[in-house]
Amino acid sequence: MGMKNLNIFTKLLLSHTSVGLISIITLSVIFYMLLSHALIERTLDQLSSINILRKDLVETYFLNSQQNLEALQLENKFLKIYHDLDKHPTPEQQRNNEDLIDIEHLTDFYDFVNIHVFDTHHHQLYSTDQEMYPEDLLQKIDSSIVAEPLRLHIIDASTYYPDRHTLLFYYVPIIENNERLGIVLVQENFQKIQSLLLENTGMGKTGESYVVGNDYRMRSSSRFFPDSIPGLINAKTEAVLKSFQGKPGRGIVQDYRGKTVLSAYRNIEQRDLTWALMSE
């Protein structure tokens, strides 16, 4: 009788232990899933905030640069330079031109790469450096502004050069009596925009924000491939496609490396640029 009771007790103990273990395991899995989901949601909230902040910083930067150049237009600074260059075309005659000296100072002050002045036939009248742009670059820029030639544009010329380096210009028309006499081409220093994107506070060791053009090539540098030319990196991802479709959002996606990442994404709202901004 004692042996029989012992067997019943053992069976009951094993039964209750099994039920207890199953309950503990089930609850652990449920808690893990809840905590994991909460952690992912919290991280996506943080990424979305960072993505919106980066977007605002980039858009504000472009707006400020445009306003500075438009102010020079209103002062007829470029028009005066154009007429001065027309009257005094030689470098010797230009050496003491106060307006040209001002332009060189402005190039340094705003940290532009260079400023070039052309007539409407693409003849270069003046440059703050020695670089000569190829004729087809100016033709492509002309074709991109043909619908609105009398307003300032931002030109993403990254696809115009075979080396795929990121190249940005401000196209500033020189206007008199509502006619275009020439153009000023201001090359932006993209490193200033890159520095806005490289700030990784709150992004951890594997986080990055980057910009993709409408050719699905990166414009800013990759954190994971810092020595690669951005324009050689294909980033046609689900997040980029949704951004260009006007569907900002966030989620778990595959990035340009084929890795699963948490991502927040949206367009840069600038009328001349079709860029998507990713924070992952």
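Biologist: How many residues of the lining of the largest cavity are nonpolar, how many polar and how many charged?
Modeller: This is a predicted model, in which local features need pLDDT of at least 70, side-chain atom pairs count only at pLDDT 80 or more, and totals for chains, interfaces and linings use all residues. Residues are numbered from 1 along each chain as its sequence is written, and side-chain values use heavy atoms, without hydrogens and water. Ala, Val, Leu, Ile, Met, Phe, Trp, Tyr, Cys and Pro count as nonpolar, Asp, Glu, Lys and Arg as charged, and the others, Gly among them, as polar. The lining then splits into two nonpolar, four polar and two charged residues.

Biologist: What is the volume of the largest cavity?
Modeller: A cavity is a set of points on a 1 Å grid over the protein atoms alone where a 1.4 Å probe fits but cannot get out, and its lining residues have an atom within 4 Å of a point. Points are joined across faces, edges and corners, and the volume is the space filled by probe spheres set on them. The count is one cavity of 30 Å³ or more. The volume of the largest cavity is about 40 Å³.

Biologist: Which element gives the largest share of the lining of the largest cavity?
Modeller: Its lining consists of Gln 194, Leu 197, Leu 198, Asn 200, Glu 208, Ser 209, Ser 221 and Arg 223. Helices (DSSP H or I, at least four residues) and strands (E, at least two) are runs numbered from the N terminus. The largest share, three residues, comes from residues 190–198, helix α6.

Biologist: Within what arc do the buried residues of α5 fall?
Modeller: Buried means under 20% relative accessible area, exposed over 50%, and partly exposed in between, with a 1.4 Å probe and protein chains only. In α5 (residues 135–144) the buried residues are Leu 137, Leu 138, Ile 141 and Asp 142. They line one face of the helix, because the directions from its axis to their C-beta atoms fall within an arc of 135°.

Biologist: Is Ser 144 buried or partly exposed?
Modeller: Ser 144 belongs to helix α5. Beyond four places in sequence, Ser 144 touches Ile 155 and Tyr 160 (contact means heavy atoms within 4.5 Å). Its relative accessibility is 38%, so Ser 144 counts as partly exposed.

Biologist: How many Å separate the C-alpha atoms of Leu 152 and Leu 69?
Modeller: Leu 152 lies in the loop between α5 and β3 and is buried, at 6% relative accessible area. Its contacts beyond four places in sequence include Gln 66, Leu 69, Tyr 170 and Asp 272. Leu 152 and Leu 69 are 83 residues apart along the chain, yet their C-alpha atoms are separated by 8.5 Å.

Biologist: What is the relative accessibility of Asn 51?
Modeller: Asn 51 sits in helix α1 (residues 2–74). Asn 51 counts as buried, because its relative accessibility is 0%.

Biologist: What is the phi of His 122?
Modeller: Most residues other than glycine have a negative phi. His 122 is in the loop between β1 and β2 (124–127), and its 13% relative accessibility counts as buried. Although not a glycine, His 122 has a positive phi of about 70°.

Conventions:
1 Å grid on protein atoms, 1.4 Å probe; cavity = no way out; pocket = protein on both sides within 12 Å on 5 of 7 lines; lining within 4 Å.
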